[in-house]
Amino acid sequence: MKKILHIISSPRGAASLSIKLGNAIIEKIKAEYPGSTVVERNLVTQHFPQLEEAHITSFFTPAENRTPANIEAARHSDEAIQEIEDADILVIGAPLYNFSIHSSLKAWIDHIVRAGITFKYDENGAHGMIKGKKVYIALSSGGVYSEGPWKPFDYVEPYLKHILSFIGLKDITTFRVEGTNIPGIKETALENGISSIHLN
């Protein structure tokens, strides 16, 4: 059995194709690993605050020196990092908005990328500190970005792969529901996205 962390960043609720694709990935995982459990973190309904001075101050205050205010400021970050540490597999729903990720997902990323906690520097540069996790990205988009003329404008997959690898999450696979606004493609976009799911 596996412990799965499902990160949701779509504000579309039941209509969201990235959520539907993420759920399909999770069902495949459950079929492969019976008894697997899922923790769902909906970033749209469970807001992560934008980083402010209080958060930064807390992040760089040693745990033994934190005040109650520091502890509260770091709470979202500490909880999010612990959820990642507890998981075996992450499924991250990432709809493409204006060529990039939803602001809720960016806020979550800003809370999990922490010097000395999820990455560190030494004389050889930066090193990720989170190891042994598998990540699946469930990416949805109105256009087709996996290939063709719009591929250079996909800043979702390259960014997520880079920033997650930076903290040690290097085993990343992306599945897509794409072309959801294009006649002739949108009719089967979800079906094609789900059929492309092959665990590795």
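Which residues do ring pairs link into a cluster? I found Phe99, Tyr145, Trp150 and Phe153 linked in this way.

I note the basis of the entry. This is a predicted model, in which local features need pLDDT of at least 70, side-chain atom pairs count only at pLDDT 80 or more, and totals for chains, interfaces and linings use all residues. Residues are numbered from 1 along each chain as its sequence is written, and side-chain values use heavy atoms, with hydrogens and water left out.

**Aromatic pairs.** I looked up the ring pairs and found 8 in the structure. Rings of Phe, Tyr and Trp (its six-membered ring) pair if their centres lie within 6.5 Å; planes under 30 degrees apart count as stacked, over 60 as edge-to-face and the rest as tilted. Tyrosine 136 and phenylalanine 175 are stacked, because their ring centres lie 6.0 Å apart and their planes meet at 20°. This pair links distant parts of the chain, with tyrosine 136 in strand β6 (residues 134–141) and phenylalanine 175 in strand β7 (residues 171–178), 39 residues apart. Strands (E, at least two residues) and helices (H or I, at least four) are DSSP runs, numbered from the N terminus.

I then checked accessibility, where buried means under 20% relative accessible area, exposed over 50% and partly exposed in between (1.4 Å probe, protein chains only). Tyrosine 136 is buried at 3%, and phenylalanine 175 is buried at 6%. Tryptophan 150 and phenylalanine 153 form a tilted pair, 5.3 Å centre to centre with 55° between the planes. Tryptophan 150 is partly exposed at 43%, as is phenylalanine 153 at 35%.

**Charges over rings.** I counted a charge as over a ring if NZ of Lys or CZ of Arg is within 6 Å of the ring centre and within 35 degrees of the ring normal. Lysine 134 lies over the face of tyrosine 136, at 5.0 Å from the ring centre. Lysine 2 lies over the face of tyrosine 33, at 5.0 Å from the ring centre.

**Helix α4.** I listed the buried residues of α4 as His76, Ser77, Ala80, Ile81, Glu83 and Ile84. They lie on the same side of α4, because they cover an arc of only 155° around the axis (taken from the directions from the helix axis to the C-beta atoms).

**Whole chain.** I recorded 7 helices and 7 strands. Of the 200 residues, 46% count as buried. The C-alpha trace spans about 60 × 40 × 35 Å along its principal axes.
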